[in-house]
Amino acid sequence: MHDPKRHKITVLGAGAWGTAVAIALASRHDVLLWGRNPAQMATLEAARENTDYLAGYPLPPALRVTADFEQACAHVTSAGVDEAPLLIAACPVAGLRPLMQQLKERPIPNVVWLCKGFEYETGLLPHQVVREVLGNAVPSAVLSGPSFAQEVARGLPCALTVASDSAALRERVVSAVHGGSIRVYACDDMVGVEVGGAVKNILAIATGASDGLGLGLNARAALITRGLAEITRLGIALGAKPATFMGLTGMGDLILTCTGDLSRNRRVGLALAQGKPLETIVAELGHVAEGVPCAKAVRELAHKLGVDMPITNAVAGVLFDGVSASSMVSQLLARDPRNELA
């Protein structure tokens, strides 16, 4: 049976997803939301709303906010034995290493991250970045799955997966997050969960471009299905369990991100189909679209590992090599036929 224990939680990162998670958990737990920009956090406190990243979703009265990193860390490091502390990192992949370096010398009880992608400079998955900085002594986990920040903040139903080598931390995350409109499932396949969460963003760009070009629902279904095959091939090459990709963080997250109008990466693809340059698209988006840097990192990693990822290569070509979206489609259609299960 689910344990309704009250937890002491710090969320590091006041973007859309960090704010949404903090809102969802504040009704049941003692939650402190930290953001690095003092001016933004002062505005957030005064308005009781994150007007920069999640406008229209008021903060619960119990949710506290701060720009003081010491206070944010002390909130969990000073927790008593019965207060079940949980530290959640809600930053983009590019910010994960710097954030972990800030935490390195602190006696943090655990760390859970929400970001999805590969670190471009190193080609590492988030759990590899965390372990490279913090070592193996700090229990760590990834919380991922098909989830738009706006819907979580509204209290609409969603299901997530927590993956960790630590059974105790998996249980703690389930205890803290599972409840109300959120279901949480647990597994130990961190590689599979992270690969699914990362590569689906690239495929959402491809699907958005296809839809923007008016190629129809048949093409969309083909891209999603063959995209899942690409995710699975890369994941297996990195040591993931194949079954993970049929779950929430594989098929589930892929379907949502490729078809949901709230998807930032899908919107990138739609704009590419209109012929807009990448710099303009990113500027107009106003938020991080992880599929853009991820496409470059995954293309390089797949080449290094000898993994066939034609859709990823096509997306990277449009983003970084000056290939047009329509040419991307022509390249994919011109490929030689192959065994579907190969």
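Lys296 lies over the face of Phe320, 4.4 Å from the ring centre. The charged end of Lys296 also sits over the ring of Tyr120, 5.5 Å from its centre. The cut-off for a charge over a ring: NZ of Lys or CZ of Arg within 6 Å of the ring centre and within 35 degrees of the ring normal.

A word on the source. This is a predicted model, where local features need pLDDT of at least 70, side-chain atom pairs count only at pLDDT 80 or more, and totals for chains, interfaces and linings use all residues. Residues are numbered from 1 along each chain as its sequence is written, and side-chain values use heavy atoms, with hydrogens and water left out.

Next, aromatic pairs. The structure holds one. Trp34 and Phe69 are edge-to-face, 5.1 Å centre to centre, with 70° between the planes. Rings of Phe, Tyr and Trp (its six-membered ring) pair if their centres lie within 6.5 Å; planes under 30 degrees apart are stacked, over 60 edge-to-face, the rest tilted. Trp34 is in strand E2 (residues 30-34) and Phe69 in helix H3 (residues 69-77), so the pair ties together parts 35 residues apart in sequence. Helices (H or I, at least four residues) and strands (E, at least two) are DSSP runs, numbered from the N terminus. Both Trp34 and Phe69 are buried, meaning under 20% relative accessible area with a 1.4 Å probe, protein chains only.

Last, which residues count in the lining of the largest pocket? There are 17 nonpolar, 16 polar and seven charged. Nonpolar means Ala, Val, Leu, Ile, Met, Phe, Trp, Tyr, Cys and Pro; charged means Asp, Glu, Lys and Arg; the others, Gly among them, are polar. A pocket is an open set of points on a 1 Å grid over the protein atoms alone, where a 1.4 Å probe fits, with protein on both sides within 12 Å along at least five of seven lines; lining residues have an atom within 4 Å of a point.

Key
Buried < 20%, exposed > 50% of the residue type's maximum accessible area, 1.4 Å probe, protein only.
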